[in-house]
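Here are some notes for a first look at this entry. Please read them alongside the structure.

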Amino acid sequence: MKKDIKYFISLLPLLFIALVMNAQDDAVTFEMNLSKTKLGINERLRVEFTMNKDGDDFSPPDFNGFRVLMGPSQAISSSWVNGVRSYSKTYSYTLAPTARGKFTIKQASIVIDGQVYKSLAKTVEITAAVEKPNELNVDDYADDNLHLVAEVSKTNPYMNEAISVVYKLYVSPSIRVSNYRPLDNPKYNNFWSQDIPVQRLNAENGTYKGKNYRYVVLKRIVLYPQKSGKLDIEPLSLDVTVEVPTNKRDFFGGRVYTQINKTVSAGNRTINVKPLPSAGKPANFGGAVGDFDFKVTTSKTSLNASESLQAIVEVSGQGNLKLFQLPAPELPSSLEVYDPEHNEDVRTTLAGMQGKISDSYTIVPSFKGKYPVPSISFSYFNPKTASYQTINSEEILINVIQGPTNSSNPINNNTVNSKQSVVTSGNQFNFIKLNPDLTTKNFSYFFGSKAFYLWLLLPLLLIPLSIVFRKKRDAIASDVEGNRIKRANKLARKYLSEAKKTLGKKDAFYIALEKALHNYLKAKLKIETSEFSKDKITSLLNEKEVDTDTVEGFIGLLKNCEMARYSPFSDVQMQEDYDRASKVISNLDKQL
């Protein structure tokens with residue numbers, strides 16, 4: 001028993017030492033470190049506030065006698081060594097003295113585990129300027145004073161609801177930007193996009209993370225998400241030429257700037273797109289999202305047969321006006337109705353598309369009567385109220401005043417019977433002529449006639465024609481390039497014919513149209529399909545001195561073919577693209 005007591009007493013110092021070491025490990029430290037305590041007025045001072053536990057509500061001192069050049073910047077380090085965790089967090093500032101003398105950097109404070117900890121104040125002596133001051137890291141200085149930000153108007157829109165992305169370049173007043181160029185433009189996959197050009201780069205005052213900056217709007221774009229779920233907006237990257245101040249002065253005492261190039265990026269943004277609700281969705285819903293008005297009007301309601309009138313189906317308001325089709329009126333079969341003429345008066349702002357679209361139908365009645373134009377319903381989803389709304393047009397009655405009657409028209413069943421009785425004359429039958437006054441028919445022989453000699457000389461006349469035809473055929477056969485172009489034109493017409501057959505079927509139409517354009521240029525410009533790109537096509541067409549309108553028309557058609565893979569296109573848009581393709585190929589034939 002005594003031996004156990006002695007052994008326990010001998011272990012007490014070791015236990016005391018372990019408890020002290022453990023208490024020291026758990027102790028919170030918060031201290032201020034200076035890069036130097038004595039420096040010239042043209043040097044820079046680095047101040048670091050370091051703690052071994054993470055805290056909140058960090059409050060720096062006012063740095064009286066100094067000007068803050070950079071900071072606060074944060075650095076965190078954490079490691080495990082032999083099962084022991086080491087943690088450190090640092091707030092750093094770069095300061096410039098404003099006068100000579102001794103200055104005290106007062107206490108900083110932070111809250112750790114509910115308690116307030118303060119650093120010790122330290123004194124710094126500022127002397128006259130030194131010959132070789134410590135230089136600033138210009139790269140770090142530029143990073144802290146230059147920011148490219150993508151501001152998204154809404155991060156959780158409904159599908160087909162407009163959102164805007166504005167790219168702003170924030171520049172601190174302490175640096176200058178002399179030039180910039182895009183390095184990587186973002187691709188807006190699964191979005192319908194519309195650029196809003198920035199006419200002038202105007203610098204404006206603003207704040208970024210609580211600091212004063214000057215900013216410039218570089219790019220504005222409106223997006224309509226075409227699918228639900230999480231969609232990524234790729235970052236915009238710029239190469240910016242920046243002029244950063246140094247510690248040197250020119251002959252007149254002005255600060256000397258050094259020029260460097262920095263790459264800044266707006267960062268990747270994720271949009272959470274909500275699907276349109278299925279509850280309450282009308283049967284005639286065609287994908288319209290926004291806030292709209294709907295009406296059906298006619299140019300006149302009274303006219304004569306064979307005269308024409310216009311029936312206009314119009315939607316106006318704010319929303320995805322270019323991404324849905326208008327409903328078609330159901331008219332009586334006795335009215336002749338022509339294909340509609342589609343009209344758009346739409347402008348795009350940061351709030352989305354605004355304006356109106358309409359389909360104008362030309363109607364020609366053939367018979368007298370009264371013909372009703374039934375009410376048409378138009379449904380859309382309003383993201384502001386998160387509900388579907390339906391607007392019904394008023395019924396319109398078309399009165400055809402004059403014209404033939406149509407007995408098959410149920411509206412005209414009560415009209416006067418137009419049948420007339422057959423009136424017979426007194427002499428219903430004529431006598432057969434007894435003297436027919438027939439004359440003999442002259443008979444001529446073929447042999448020795450004009451036709452005989454004509455057929456006899458015809459082979460002799462065909463000999464020179466055959467010689468000319470053969471020379472022409474040989475010339476055509478020897479023209480390898482010409483034959484190749486003819487085959488390409490024939491192939492283009494073939495694919496355009498296929499595209500015409502598939503009008504109304506978006507995917508099949510734009511596949512056939514894209515094949516026609518590619519195969520046409522494959523022979524014309526002598527390049528393989530693997531070499532195709534819009535930049536390559538543009539440069540080659542410019543070398544061939546093709547006018548700008550034709551080049552832009554061709555590139556626009558290729559872009560529409562690509563856009564059609566993930567965007568809705570109306571029948572009217574398809575017909576316009578087909579007509580444009582025919583016109584563009586015709587113009588290229590004339591110029592190439």
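1. A contact here means heavy atoms within 4.5 Å. The model is predicted. Among contacts in the chain between residues at least 6 apart in sequence, 70% join residues at least 24 apart.

2. The chain has 592 residues, of which 36% are buried. Its secondary structure consists of eight helices and 30 strands.

3. Three strands form an open sheet in the order 4-8-9, with antiparallel pairing. Strand 4 (56-59) and strand 9 (115-118) each have a single partner strand, so one side of each is left without a neighbour in the sheet. From one strand to the next, the twist averages 25°. Strand 8 (residues 109-112) is joined to strand 9 by four bridges; Val-111 has Val-116 in strand 9 as its bridge partner.

4. Nine salt bridges are found in the whole structure. One of them pairs Asp-54 with Lys-89, with the closest N and O atoms 3.0 Å apart. Asp-54 lies in the loop between strand 3 (45-51) and strand 4, and Lys-89 in strand 6 (residues 84-97), so the pair ties together parts 35 residues apart in sequence. Asp-54 is partly exposed, at 44% relative accessible area, whereas Lys-89 is buried, at 7%.

5. Another salt bridge joins Glu-243 and Arg-176, with 3.7 Å between the closest N and O atoms. Glu-243 is in strand 18 (residues 237-249) and Arg-176 in strand 13 (residues 176-184), and the two are 67 residues apart. Arg-176 is partly exposed, with a relative accessible area of 42%.

Conventions:
Residues are numbered from 1 along each chain as its sequence is written. This is a predicted model: local features need pLDDT of at least 70, side-chain atom pairs count only at pLDDT 80 or more; totals for chains, interfaces and linings use all residues. Side-chain values use heavy atoms; hydrogens and water are left out. Buried means under 20% relative accessible area, exposed over 50%, partly exposed in between (1.4 Å probe, protein chains only). Two strands pair if DSSP finds at least two bridges between them. Axes are lines fitted to C-alpha atoms, for helices over the stretch in contact, and angles run from 0 to 180 degrees between N-to-C directions. A salt bridge is a side-chain nitrogen of Lys or Arg within 4 Å of a carboxyl oxygen of Asp or Glu.
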